[in-house]
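Hello,

Here is the structure I promised to pass on. Please open it first, then read my notes below.

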Amino acid sequence: MKITRRQLRGIINEALLLELFDSPPYDFTIDRDATINDRNRKTVFFTYVFTTKIENSLTPELAEEESYIVTINAYNPQDPWNVAFRTYDGDFLESTLNYDVSVFSTIVAIVKDFVKNQLPNLENERMRHIRTFEVEPTAAEEGDTRRLRLYQRMLRNYGINSQNIDDKYLEFQV
(Lines give C-alpha, C1' and ligand atoms only; values in the text may rest on other atoms or scores of the structure.)
Protein backbone atom coordinates (compact mmCIF):
# COMPACT_ATOMS: atom_id res chain seq x y z
CA MET A 1 0.00 0.00 0.00
CA LYS A 2 1.33 3.39 -0.97
CA ILE A 3 0.65 6.43 1.25
CA THR A 4 0.87 9.91 -0.16
CA ARG A 5 2.67 12.69 1.68
CA ARG A 6 -0.69 14.39 2.30
CA GLN A 7 -2.18 11.22 3.82
CA LEU A 8 0.87 10.76 6.05
CA ARG A 9 0.66 14.39 7.23
CA GLY A 10 -3.03 13.85 8.04
CA ILE A 11 -2.28 10.71 10.06
CA ILE A 12 0.46 12.49 12.01
CA ASN A 13 -1.76 15.52 12.71
CA GLU A 14 -4.58 13.26 13.92
CA ALA A 15 -2.21 11.38 16.22
CA LEU A 16 -0.88 14.65 17.65
CA LEU A 17 -4.41 15.95 18.25
CA LEU A 18 -5.42 12.74 20.00
CA GLU A 19 -2.40 13.09 22.28
CA LEU A 20 -3.38 16.67 23.06
CA PHE A 21 -6.88 15.73 24.12
CA ASP A 22 -6.20 12.46 25.90
CA SER A 23 -3.56 13.81 28.27
CA PRO A 24 -4.43 13.40 31.94
CA PRO A 25 -4.39 16.52 34.13
CA TYR A 26 -1.76 17.08 36.78
CA ASP A 27 -2.75 17.17 40.45
CA PHE A 28 -3.59 20.70 41.54
CA THR A 29 -4.49 22.55 44.72
CA ILE A 30 -6.30 25.75 45.48
CA ASP A 31 -3.71 28.07 46.90
CA ARG A 32 -5.77 31.10 47.78
CA ASP A 33 -9.18 32.67 47.50
CA ALA A 34 -10.10 36.21 48.40
CA THR A 35 -12.57 39.01 47.95
CA ILE A 36 -11.23 42.54 47.63
CA ASN A 37 -13.44 45.62 47.90
CA ASP A 38 -12.03 48.56 45.98
CA ARG A 39 -13.98 51.68 44.97
CA ASN A 40 -17.40 50.12 44.63
CA ARG A 41 -15.90 47.13 42.86
CA LYS A 42 -15.76 43.74 44.44
CA THR A 43 -13.06 41.51 43.00
CA VAL A 44 -13.32 37.81 43.71
CA PHE A 45 -10.31 35.73 42.81
CA PHE A 46 -9.01 32.23 43.25
CA THR A 47 -5.49 30.95 42.70
CA TYR A 48 -4.67 27.35 41.89
CA VAL A 49 -1.20 25.81 41.59
CA PHE A 50 0.18 22.69 39.96
CA THR A 51 3.57 21.32 39.01
CA THR A 52 4.49 19.56 35.79
CA LYS A 53 7.18 16.96 35.44
CA ILE A 54 8.89 16.72 32.08
CA GLU A 55 10.96 13.59 31.78
CA ASN A 56 13.70 13.05 29.27
CA SER A 57 13.45 9.48 27.99
CA LEU A 58 17.24 9.23 27.71
CA THR A 59 17.96 10.52 31.21
CA PRO A 60 14.82 10.18 33.41
CA GLU A 61 16.81 11.19 36.50
CA LEU A 62 17.11 14.67 35.00
CA ALA A 63 13.38 15.29 34.93
CA GLU A 64 12.46 18.96 35.03
CA GLU A 65 9.63 20.39 37.09
CA GLU A 66 7.75 23.56 36.26
CA SER A 67 5.24 25.16 38.62
CA TYR A 68 2.17 26.93 37.26
CA ILE A 69 -0.26 29.44 38.71
CA VAL A 70 -3.84 29.62 37.43
CA THR A 71 -6.04 32.51 38.48
CA ILE A 72 -9.80 32.76 38.12
CA ASN A 73 -11.27 36.16 38.93
CA ALA A 74 -14.26 38.41 38.32
CA TYR A 75 -14.88 42.07 39.07
CA ASN A 76 -18.65 42.12 39.04
CA PRO A 77 -21.61 39.82 38.36
CA GLN A 78 -22.10 41.14 34.82
CA ASP A 79 -18.65 40.02 33.65
CA PRO A 80 -17.42 36.52 32.88
CA TRP A 81 -14.79 34.88 35.06
CA ASN A 82 -11.31 35.57 33.70
CA VAL A 83 -8.96 32.57 33.51
CA ALA A 84 -5.23 33.24 33.25
CA PHE A 85 -2.20 31.04 33.76
CA ARG A 86 1.55 31.35 33.78
CA THR A 87 4.64 29.59 34.99
CA TYR A 88 5.53 30.46 38.57
CA ASP A 89 8.28 32.86 37.53
CA GLY A 90 6.64 34.00 34.29
CA ASP A 91 4.18 36.67 33.24
CA PHE A 92 0.49 36.22 32.45
CA LEU A 93 1.00 37.95 29.09
CA GLU A 94 3.86 35.70 27.95
CA SER A 95 3.73 32.32 26.32
CA THR A 96 4.96 29.62 28.71
CA LEU A 97 7.07 28.09 25.91
CA ASN A 98 6.20 24.74 27.41
CA TYR A 99 4.57 22.27 25.08
CA ASP A 100 3.50 19.81 27.77
CA VAL A 101 0.03 18.80 26.58
CA SER A 102 -1.20 18.00 30.11
CA VAL A 103 -1.04 21.69 31.05
CA PHE A 104 -4.20 22.52 29.09
CA SER A 105 -6.11 19.50 30.42
CA THR A 106 -5.13 20.59 33.94
CA ILE A 107 -6.49 24.09 33.34
CA VAL A 108 -9.79 22.63 32.06
CA ALA A 109 -9.94 20.40 35.16
CA ILE A 110 -9.31 23.44 37.39
CA VAL A 111 -12.17 25.40 35.79
CA LYS A 112 -14.50 22.42 36.24
CA ASP A 113 -13.37 22.04 39.86
CA PHE A 114 -14.00 25.75 40.40
CA VAL A 115 -17.57 25.44 39.08
CA LYS A 116 -18.27 22.36 41.19
CA ASN A 117 -16.53 23.22 44.46
CA GLN A 118 -16.00 26.98 44.72
CA LEU A 119 -18.92 28.69 42.97
CA PRO A 120 -21.62 27.13 45.19
CA ASN A 121 -19.88 28.54 48.29
CA LEU A 122 -19.44 32.14 47.12
CA GLU A 123 -20.87 34.79 49.40
CA ASN A 124 -22.15 36.93 46.52
CA GLU A 125 -25.21 35.12 45.18
CA ARG A 126 -25.17 36.88 41.81
CA MET A 127 -21.55 35.88 41.20
CA ARG A 128 -22.37 32.36 42.28
CA HIS A 129 -24.45 31.94 39.12
CA ILE A 130 -21.86 33.12 36.57
CA ARG A 131 -20.95 30.16 34.39
CA THR A 132 -19.25 32.13 31.62
CA PHE A 133 -15.45 32.27 31.46
CA GLU A 134 -12.99 34.10 29.24
CA VAL A 135 -9.38 33.41 28.39
CA GLU A 136 -6.94 35.54 26.39
CA PRO A 137 -4.48 33.30 24.54
CA THR A 138 -1.06 34.90 24.18
CA ALA A 139 -0.29 35.63 20.54
CA ALA A 140 3.23 35.40 19.13
CA GLU A 141 2.64 38.75 17.46
CA GLU A 142 -0.16 41.26 16.97
CA GLY A 143 -2.98 39.77 14.89
CA ASP A 144 -1.76 36.17 15.22
CA THR A 145 -4.80 34.02 16.04
CA ARG A 146 -3.21 30.55 15.85
CA ARG A 147 -3.11 30.02 19.62
CA LEU A 148 -6.66 31.33 19.96
CA ARG A 149 -7.86 28.83 17.34
CA LEU A 150 -5.89 26.03 19.02
CA TYR A 151 -7.49 26.80 22.40
CA GLN A 152 -10.90 26.89 20.75
CA ARG A 153 -10.29 23.49 19.15
CA MET A 154 -9.02 22.02 22.42
CA LEU A 155 -12.05 23.33 24.33
CA ARG A 156 -14.35 21.84 21.70
CA ASN A 157 -12.70 18.46 22.15
CA TYR A 158 -13.46 18.68 25.88
CA GLY A 159 -17.11 19.26 24.96
CA ILE A 160 -16.93 22.98 25.69
CA ASN A 161 -18.19 25.42 23.05
CA SER A 162 -16.44 28.76 22.91
CA GLN A 163 -16.95 32.04 21.12
CA ASN A 164 -14.17 34.10 19.57
CA ILE A 165 -14.40 37.72 20.78
CA ASP A 166 -12.62 40.17 18.44
CA ASP A 167 -9.83 37.63 17.69
CA LYS A 168 -8.50 38.38 21.17
CA TYR A 169 -10.50 36.41 23.74
CA LEU A 170 -12.39 33.16 23.92
CA GLU A 171 -15.57 33.09 25.94
CA PHE A 172 -16.96 29.73 27.06
CA GLN A 173 -19.45 28.23 29.50
CA VAL A 174 -18.99 25.28 31.85
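In the protein chain, 53% of the contacts with a separation of 6 or more come from residues 24 or more positions apart. Keep in mind that this is a predicted model.

The fold first. The protein chain has four helices and seven strands. Along the sequence they run α-β-β-β-β-α-α-β-α-β-β. Of the 174 residues, 37% are buried. The chain exposes about 11,700 Å², and carbon and sulfur atoms supply 46% of that area.

Now the inside. The largest nonpolar core has 33 residues. F50, V70, I72, W81, F114 and F133 have the most contacts inside this core. The largest share, eight residues, comes from α2. As a rule, nonpolar side chains in soluble globular proteins tend to be buried together.

Leaving aside neighbours within four places in sequence, I72 is in contact with V44, F45, F46, Y48, W81, N82, V83, I110, V111, F114 and F133.

Last, a pocket. The second largest pocket holds about 230 Å³ of space. Its lining has 13 residues, and A139, E142, G143, D144 and D167 lie nearest the centre.

Best wishes

Key
Residues numbered from 1 in each chain as written. Predicted model: local features only at pLDDT ≥ 70, side-chain atom pairs only at ≥ 80, totals over all residues. Heavy atoms only, no water. Helix = DSSP H or I, 4+ residues; strand = E, 2+ residues; numbered from the N terminus. Buried < 20%, exposed > 50% of the residue type's maximum accessible area, 1.4 Å probe, protein only. Contact = heavy atoms within 4.5 Å. Areas by Shrake-Rupley, 256 points an atom, 1.4 Å probe, with all protein chains shown as cover. 1 Å grid on protein atoms, 1.4 Å probe; cavity = no way out; pocket = protein on both sides within 12 Å on 5 of 7 lines; lining within 4 Å. Points joined across faces, edges and corners; volume = space filled by probe spheres on them. Core = buried A, V, L, I, M, F, W, Y, C linked by side-chain atoms within 4.5 Å.
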